[in-house]
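Please open the model in your viewer and follow the stops below in order. Each one says what to select and what is there.

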Amino acid sequence: MADTTDNTATGTAATPAPRKSSWKYIGPGIVVAATGVGAGDLVATLIAGSNFGYTLLWAAVIGCLVKISLAEAAGRWHLSTGRTLFDGWASLGRWTTWFFVVYVVIWGFVYGAAAMSSSALPLQALFPDVMDLEWWGIACGLVGLVFVWFNKYSVFEKVMTVLVGVMFVVTVYLAIRVTPNLGHAFAGLLPVLPDEKDSVLNTLGLIGGVGGTITLAAYGYWVNAKGWTNTGWMKVMRLDNRVAYATTGIFVVSMLFVGAELLHSANVAIASGDKGLIQLSDILEDKYGTATAKFFLIGFFATSFTSLIGVWHGVSLMFADFVARYQKRGEVKGEEVASGAREKSWPFRAYLLWLTFPPIVLLFQGQPFRLIVLYGVLGAAFLPFLAGTLIWLLNSARTPREWRNGPLSNGMLAIAGLLFLVLCVKQVWDQPWSEFF
């Protein structure tokens with residue numbers, strides 16, 4: 001099927017959809033990989049390597065396969081129906097709307113501060129005498145705001161691709177530099193659980209933490225923004241999605257190598273959270289010199305800043321779609337996202353402002369306890385919500401029969417849903433609710 005839409009989102013004239021997939025078309029996958037792998041994912045993988053060596057390498061690989069199934073399903077919904085994912089959610093009932101609204105408001109407020117702080121940490125480490133961490137964070141947020149505000153998807157994708165290149169070179173260089181034990185690494189592909197307490201939950205956490213949450217839902221919007229709006233692009237989308245999570249797999253496996261060789265073998269522990277990467281920088285400087293440490297900090301910044309601008313763009317697109325549907329009280333088509341008008345709309349820019357300015361308060365005052373609890377619970381609940389609704393949508397008459405789920409897709413989405421449901425229950429259980437009230 002030919003694509004007859006005006007492909008202004010990519011700055012090119014309308015072109016027919018290709019008859020076969022090709023590497024030259026990939027792009028949204030690079031964006032979702034860059035956005036989904038943040039500093040927190042790298043730290044979690046580092047700590048897994050530090051605590052268990054190569055034992056959980058298989059879990060990181062499974063995590064990539066699970067996320068491939070989720071992103072592919074989101075992309076397939078957009079291309080096979082010509083409707084946006086929020087339009088599909090809205091067809092399931094009002095409860096999806098309430099969940100989405102509460103989620104994007106609270107999640108966006110807290111995530112904005114976390115993304116700015118994460119991007120600021122490596123800059124402060126590189127330039128310690130320039131300004132304080134909070135001001136570096138504000139600068140990162142404002143740069144992200146201006147960049148996304150004034151550029152369409154085509155420029156956004158090119159910048160993300162460059163930053164992914166930096167991330168790729170740095171993580172692979174570090175993995176080679178620590179000289180991984182390939183024999184032990186291959187043994188880590190066997191599904192074995194560590195002997196330590198809570199090893200099952202640690203393993204599930206590593207699987208679930210590989211490569212994004214709401215950005216998986218944003219993938220379909222980036223597919224449309226690229227100008228892919230019908231089933232003629234299905235093979236290209238699937239190749240693009242596989243490239244995304246192959247890239248993600250290389251990132252996380254490389255950092256697990258670093259954790260296993262640099263930290264596990266020396267019995268060195270690092271803190272959880274972004275500050276663990278600053279500790280790693282110090283360790284790298286002691287062992288390999290200042291140049292390697294600074295090179296790593298540049299990669300750390302690329303990792304954090306791609307997550308920042310990726311969320312600034314992708315989740316703002318989703319919010320703009322939500323508002324557009326309720327303004328029109330009808331369906332929103334993928335072609336409308338592809339036109340590029342969404343990126344200039346007031347809802348898109350309003351959510352950009354929400355991600356940037358209110359969270360600045362949290363940079364200076366710390367993150368309010370109750371808000372953090374709600375943020376954690378909503379974040380844990382999103383992926384079970386995504387997996388469950390995709391199973392519902394892609395097995396119903398809302399999806400053309402040819403593009404409905406097969407046994408493999410249903411199985412992978414069901415596994416994903418159960419996995420994330422367990423992690424969600426664990427997250428809710430671990431919250432200090434007695435202090436909340």
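Select Asp87 and Arg83: they form a salt bridge, with the closest N and O atoms 2.6 Å apart. A salt bridge here is a side-chain nitrogen of Lys or Arg within 4 Å of a carboxyl oxygen of Asp or Glu. Asp87 and Arg83 are both buried, where buried means under 20% relative accessible area, exposed over 50%, and partly exposed in between (1.4 Å probe, protein chains only).

This is a predicted model, in which local features need pLDDT of at least 70, side-chain atom pairs count only at pLDDT 80 or more, and totals for chains, interfaces and linings use all residues. Residues are numbered from 1 along each chain as its sequence is written, and side-chain values use heavy atoms, with hydrogens and water left out.

Helices (H or I, at least four residues) are DSSP runs, numbered from the N terminus.

Next, select Glu72 and Arg238, a salt bridge with its closest N and O atoms 3.0 Å apart. Glu72 lies in helix 3 (residues 57-81) and Arg238 in helix 11, 166 residues apart. Glu72 counts as buried because its relative accessibility is 12%, while Arg238, at 26%, is partly exposed.

Now colour the nonpolar core, a set of buried Ala, Val, Leu, Ile, Met, Phe, Trp, Tyr and Cys residues joined through side-chain atoms within 4.5 Å. The largest one has 141 residues, and those with the most contacts inside it include Trp89 and Phe382. Helix 11 (residues 234-264) gives the most to this core, with 17 residues.

A polar atom of the Asp240 side chain lies 2.6 Å from the backbone nitrogen of Gly29.

Finish at Thr179, in the loop between helix 7 (153-177) and helix 8 (182-187). Thr179 is exposed, with a relative accessible area of 56%.

Technical notes
Helices (H or I, at least four residues) and strands (E, at least two) are DSSP runs, numbered from the N terminus. A polar contact is a pair of N or O atoms within 3.5 Å; within protein, one must be able to donate a hydrogen and the other to accept it, and residues adjacent in sequence count only if both atoms are side-chain atoms.
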